[in-house]
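Trainee: I have some questions about the terms used for this model. Can we go through them one by one?

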Amino acid sequence: MADLERISVSIDSFRYPDGSLALEDIRLQVGRGEFCGLLGANGSGKTTLLKVMDGLIRDYRGEVLLDGRDIARLHPRDIYRQVGLVFQNPDDQLFAHSVFEDVAFGPRNMGFAEDEVRRRVESALSQVELSDCGAKNIHALSYGQKKRVCIAGLLAMGHEILLLDEPTAGLDPMGEHRMLELLTRLNREEGVTIVMATHSVDLVPLFLSRLHILSRGRLVRGGTPEEVFTAPEEMESVRLRLPQIAELIWQLRQGEKLPFKRLPLTVGEARRELVEMMMKIRSNQEES
Ligand SMILES: Nc1ncnc2c1ncn2[C@@H]1O[C@H](COP(=O)(O)OP(=O)(O)O)[C@@H](O)[C@H]1O
Ligand SMILES: [Mg+2]
């Protein structure tokens, strides 16, 4: 398994220069081809942990490995060839005038010839569904489009690992869905390994197979969405909630004593459970 592991975090503690303890006792691995989530309330340490995984923060107590090598000893160039971090706010990342120029910056800096740069930019823009926007002024883009340009900028550099800080924050509901569909496609079809910080509990079970829950700088739980989303009280204790559909089913089970065997996390799962239960009730009525 070890060769399938891309990032391995083992941090005893990390404090910012002002003394605030931002991470404590964090152990987690990111496997090749994984699409996992860091879920946590504001201030829980998600952004800090992504910066650690990108080698931007290095003065922690502990060890972080990228492909088995100590990331704190790697030259930034060797990290940025493999790992790209997409900031939460695209305006912190974008700086060129046009979409094309912004996405071209990375590959140009890596020394590629102009026709290779062009090929990479076009391919990256098509992956994020912005093929027609190359000539557009950055300021003319919607917030969601800007977020996708940021991702294209990293894809054009050939990043195998993408770290995304709240990629759905600030998007409208359709934008959130499209962003997660885009990331799922990059993960499944292009094999990009993705770590995504988020607090969108409703969308997580639809798209992510593995989650790490952060609370006050600590990893409090990890696993599949089924393993992680349990009782509402436990979610509240880490300042999160259950997906709304799960909350409804939980209340029906506790209050109305409806015999749900498991806690569905998506509308589709809830629908199946409900239909099954209604069929059972109907056949019981017909028998009696
Ligand atoms: N530059 C900084 N200096 C001091 N404390 C910081 C800094 N950035 C973040 N923190 C603190 O570290 C903790 C984790 O922050 P952060 O990683 O940004 O959490 P999240 O991304 O989950 O909202 C918070 O308590 C925050 O106040
Ligand atoms: Mg953050």
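Mentor: Start with the contacts in this predicted model. Among those between residues at least 6 apart in sequence, 62% join residues at least 24 apart.

Trainee: What makes two residues in the chain count as in contact?

Mentor: Their C-beta atoms, placed from the backbone, lie within 7 Å. By that test, seven residues of domain 1 are in contact with six residues of domain 2. On the domain 1 side, α7 (204-207) and α8 (225-228) each supply at least two of the touching residues.

Trainee: Where do the two domains run, and how far apart are their centres?

Mentor: Domain 1 covers 1-82 + 165-170 + 191-230, and domain 2 covers 243-288. Their C-alpha centres lie 35 Å apart.

Trainee: Why are residues such as Gly40, Gly43 and Gly45 listed around ligand 1?

Mentor: A residue is listed because its C-beta atom, placed from the backbone, lies within 6 Å of the ligand. The shell also includes Tyr16, Asp18, Lys46 and Thr47. Helix α1 (residues 46-53) gives the largest share, three residues.

Trainee: What makes a residue of the chain buried?

Mentor: It needs 20 or more other C-beta atoms within 10 Å of its own. Buried residues make up 38% of the 288 in the chain.

Key
Residues numbered from 1 in each chain as written. Chains lettered and ligands numbered in written order. Predicted model: local features only at pLDDT ≥ 70, side-chain atom pairs only at ≥ 80, totals over all residues. Helix = DSSP H or I, 4+ residues; strand = E, 2+ residues; numbered from the N terminus. Domains from an automatic or database assignment. Buried ≥ 20, exposed ≤ 12 C-beta atoms within 10 Å, placed from the backbone.
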